[in-house]
Amino acid sequence: PPPAGASPGSGALNPFDRRLKRKQKNWAALQAEPAKCDYLREEVGGRIADRVFDITRTFPLALDVGSGRGYIAQHLTKETVEKLIQVDIAENALKNAVESEIPTVRVVADEEFLPFKEDTFDLVVSSLRECESHSRALCVCVLQIHQVLKPDGVFIGAMFGGDTLYELRCSLQLAELEREGGFSPHVSPFTAVADLGHLLSRAGFNTLTVDTDEIQVNYPGLFEVMEDLQGKYILCMGESNCSWNRKPLLHRETMLAAAAIYQEMYGNSNGSVPATFQIYYMIGWKYHESQAKPAQRGSATVSFGDLAKIEGLLKRGKK
């Protein structure tokens with residue numbers, strides 16, 4: 001494995017403790033009844049598969065980066081993907097992977113140091129990976145993915161957006177400020193949508209598509225949210241905070257105050273509290289000379305002003 005905190009190709013530090021992340025995901029993969037917390041992973045995996053189906057071609061070789069238990073693969077078909085390689089940092093997650101009809105090879109490797117040759121895969125997919133929650137780590141991941149894609153290959157991914165768990169983060173920060181005079185992060189940082197297209201473009205992708213969606217889950221209270229995230233829910237997301245500047249614990253008084261703030265600020269009429277997960281979906285293609293190219297600047301023969309007259313002409317035609 002790479003040195004703790006290292007980023008490939010530079011001496012810069014990664015904001016995540018990768019060794020701790022591996023331990024967290026391996027521990028989570030051994031917990032009982034994983035299906036209870038797989039709903040978000042499976043939902044997003046299905047939505048990524050839908051985007052794969054929208055592309056009318058067959059992919060001879062595909063790569064699932066940070067595959068976990070195979071949440072995307074279970075929605076794909078062998079008519080669309082002929083062979084799949086799943087990569088994850090946690091060997092226990094791969095051992096417990098959901099079976100798929102697609103011939104699959106599973107590889108244990110750090111997703112930020114992909115052990116594949118350049119121009120290998122026709123398709124790369126990735127869903128809710130923890131390394132894509134910070135712009136520095138996201139740059140590394142996207143560059144690695146672009147490198148292993150073949151020309152005219154496509155990358156389809158999903159990641160958590162900047163508003164993910166804003167209710168929980170705000171409640172904890174307000175409680176810590178009140179009870180302890182300051183606060184520290186307890187949830188891994190997330191990327192802003194404004195940075196995403198720029199990062200994909202700089203990595204070499206073109207014909208970019210980025211869209212956002214929100215999934216809201218209701219819980220009885222803050223403690224149930226924390227239990228789901230820190231205990232069972234880490235199994236399907238791997239998003240327990242492993243930042244280097246994380247705080248080791250939260251005091252009981254702070255937690256009680258945060259629970260009261262959560263209920264007061266965001267509580268539903270039935271007594272439950274919502275937790276919002278913002279999801280960014282991205283599609284990018286690796287350049288190939290056969291791809292369609294934009295027309296040269298100034299080559300248009302119709303102005304937007306002329307297009308505005310179409311509605312009037314249609315109304316006249318109906319009359």
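Which strand does G157 lie in? In this predicted model, local features need pLDDT of at least 70 and side-chain atom pairs count only at pLDDT 80 or more, while totals for chains, interfaces and linings use all residues. Residues are numbered from 1 along each chain as its sequence is written, and side-chain values use heavy atoms, with hydrogens and water left out.

G157 sits in strand β7, residues 149-160 (strands, E, at least two residues, and helices, H or I, at least four, are DSSP runs numbered from the N terminus). With a relative accessible area of 0%, G157 is buried (buried is under 20%, exposed over 50%, partly exposed in between, with a 1.4 Å probe and protein chains only). Beyond its neighbours within four places in sequence, G157 is in contact with I48, S126, Y280, Y281 and M282 (contact means heavy atoms within 4.5 Å).

Now for the nonpolar cores. The largest one has 48 residues, and V44, L123, I156, L168, F277 and I279 have the most contacts inside it (a core is a set of buried Ala, Val, Leu, Ile, Met, Phe, Trp, Tyr and Cys residues joined through side-chain atoms within 4.5 Å). Elements giving two or more residues to this core include α2 (39-53), β6 (121-127), β7 and β9 (273-286). A second, separate core of 24 residues includes L63, V142, L200 and F205.

Out on the surface, F304 belongs to helix α10 and counts as exposed because its relative accessibility is 73%.
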